[in-house]
Amino acid sequence: MPDMPRKNKDQSGTGNTPHDHGGREELRSIAAQAGTLFQEHLPAPSRFEEIRNIPIQYFKRMCLVPLEKESEWLTVALNDPLNCQAADELARRLGCKGARLVVSSTREILSAINILFDQSNDDAERMVQDLGEYQLDDHVFAEIEEAEDLMDVNHEAPIIRLVNIILTQALKNRASDIHIEPYQKTIKVRFRVDGILHEVYDLPKRIHPHIVSRIKVMASLDIAEKRLPQDGRMKIRVAERPVDIRVSIIPMAFGERIVLRLLDKTVSLLGLSDMGMPERELAVFEKLIRKNGGIILVTGPTGSGKTTTLYASLNRINSKEKNIITIEDPIEYELKGVGQIQVNPKTDLTFERGLRSILRHDPDIIMIGEIRDLDTVEIAVQASLTGHLVFSTLHTNDAAGALTRLVDMGVEPFLIASSLLGVLAQRLVRTICSGCKEQYRPEEQTAQEYGFTGNDLLSRGRGCASCMGSGYMGRTGIFELLVIDNEIRRLITSGADSVTIKEAAMRRGMTSLFEDGLRKVKAGVTTLNEVLRVTQE
């Protein structure tokens, strides 16, 4: 590749950001005029140990990134060819004779920069070794700016760097939660990935108070309070990705335990058709959510995707003609065009009180994050009977169990029968990793027990680096939809138990959670062990 002609324009300092050339054809033209190549897609950069002392802000400001060393030359991608002097200076700093340039879009360059610095970050164990006898004073807890990109932070304090590494590694591993657990001599750091906890780091106990203090500062909590539980929130950015984090800290025997719930704002909400619901159940459910009045319940244990289903349902029926108001604890995602209320016990804004206020705002559709007491469910029932469509969640093992649970809470059976439209029970099962998926023939006893034939081939994951050796990557739902028809209403009003109601519903075509799971096993989506794990209570 020919060397770039030199221009009489110095942009190698810390002045203005180079002009952002964006269009593909414009970039091709600029590259041709400068005597270099345009590269639409950049390869992943090589590892450069020498950049450890160069802040990521420099590369982003200059909009350039080193790609690879070849002999005495450094290949550098940039957006503005007039910035060649900065590329040459970078090459000399990395021990090269000069720079060979390629032109690319700002988006590609920023993506390559983030990959480069992700590669160059030390892992947590190495960071702890670097701590040595470092004096951990209060200055290491300088408050982070709201939504500051953690990959831009070049603070010398090891604790700050350690916490940043834990957060960025959790996002890289697709973790939904981070658990920081103190024990007598160590700190265990575990990530929850696809619903399963994985131990990632084992850190020395002596740094635990400093990790806690750093997280408390980021979440605007009381550093001095170590005896009472505390809850907070913080917003960060990692590689241009905005992330909301819910923080919960509880004092335990060996120190304060921390759980961080990560909500990646770049992850778009799933649509109903993307959740794994069978076509027949999906068609019936879509008819239910378009009714003018009644209650629709989604049931399942914590972490079974109930809120995601409710959000997907509201998104499907949301329109300018509808007034939709929700009351949640907490608000996990912002829904465009929907009024959302956050429960706040400190100000006595409970589900019950918020729900009474919502009814005075002329809603068409109401979503209640969770039915927790008799007062809330009674208001929901009355709202549904006066022409409002109400969505909510309940913690029960199956769909029929929701009916008896409402009766146990004190709701009259005839009110349940007249207000309830349907109950959707669900679980999340891990899907088999496509990178290490293989087929196998089940053992004869297993095949007979679960209704497989001798010719059925099932699938499983061997385990690879991409799936952290688990054999699974991602999750999908299994569902059980109970529609309240005349027969089910008669059973409810007569006081039938959940077993009788479930048997009647299955005779009328309802598919149980386990049966839907077996369908996905036969289709090669998940494994039998995974279905058994989430359905065998």
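**Cysteine sulfurs and aromatic rings**

The closest cysteine sulfur to that of Cys464 belongs to Cys467, and at 3.6 Å it is too far for a bond. This is a predicted model, in which local features need pLDDT of at least 70 and side-chain atom pairs count only at pLDDT 80 or more, while totals for chains, interfaces and linings use all residues. Residues are numbered from 1 along each chain as its sequence is written, and side-chain values use heavy atoms, with hydrogens and water left out.

A disulfide is a covalent bond between the sulfur atoms of two cysteines; here the criterion is a pair of cysteine sulfur atoms within 2.5 Å. The structure holds 0 disulfides. For Cys436, the closest cysteine sulfur is that of Cys464, at 3.8 Å, again too far for a bond. Cys436 is buried, at 1% relative accessibility, whereas Cys464 is partly exposed, at 22% (buried is under 20% relative accessible area, exposed over 50%, partly exposed in between, with a 1.4 Å probe and protein chains only).

As for the aromatic rings, the whole structure contains 3 aromatic pairs (ring centres of Phe, Tyr or Trp, the last by its six-membered ring, within 6.5 Å; planes under 30 degrees apart are stacked, over 60 edge-to-face, the rest tilted). One of them joins Tyr311 and Tyr333 edge-to-face, with 6.4 Å centre to centre and 85 degrees between the planes. Tyr311 is buried, with a relative accessible area of 1%, and Tyr333 is also buried, at 19%.
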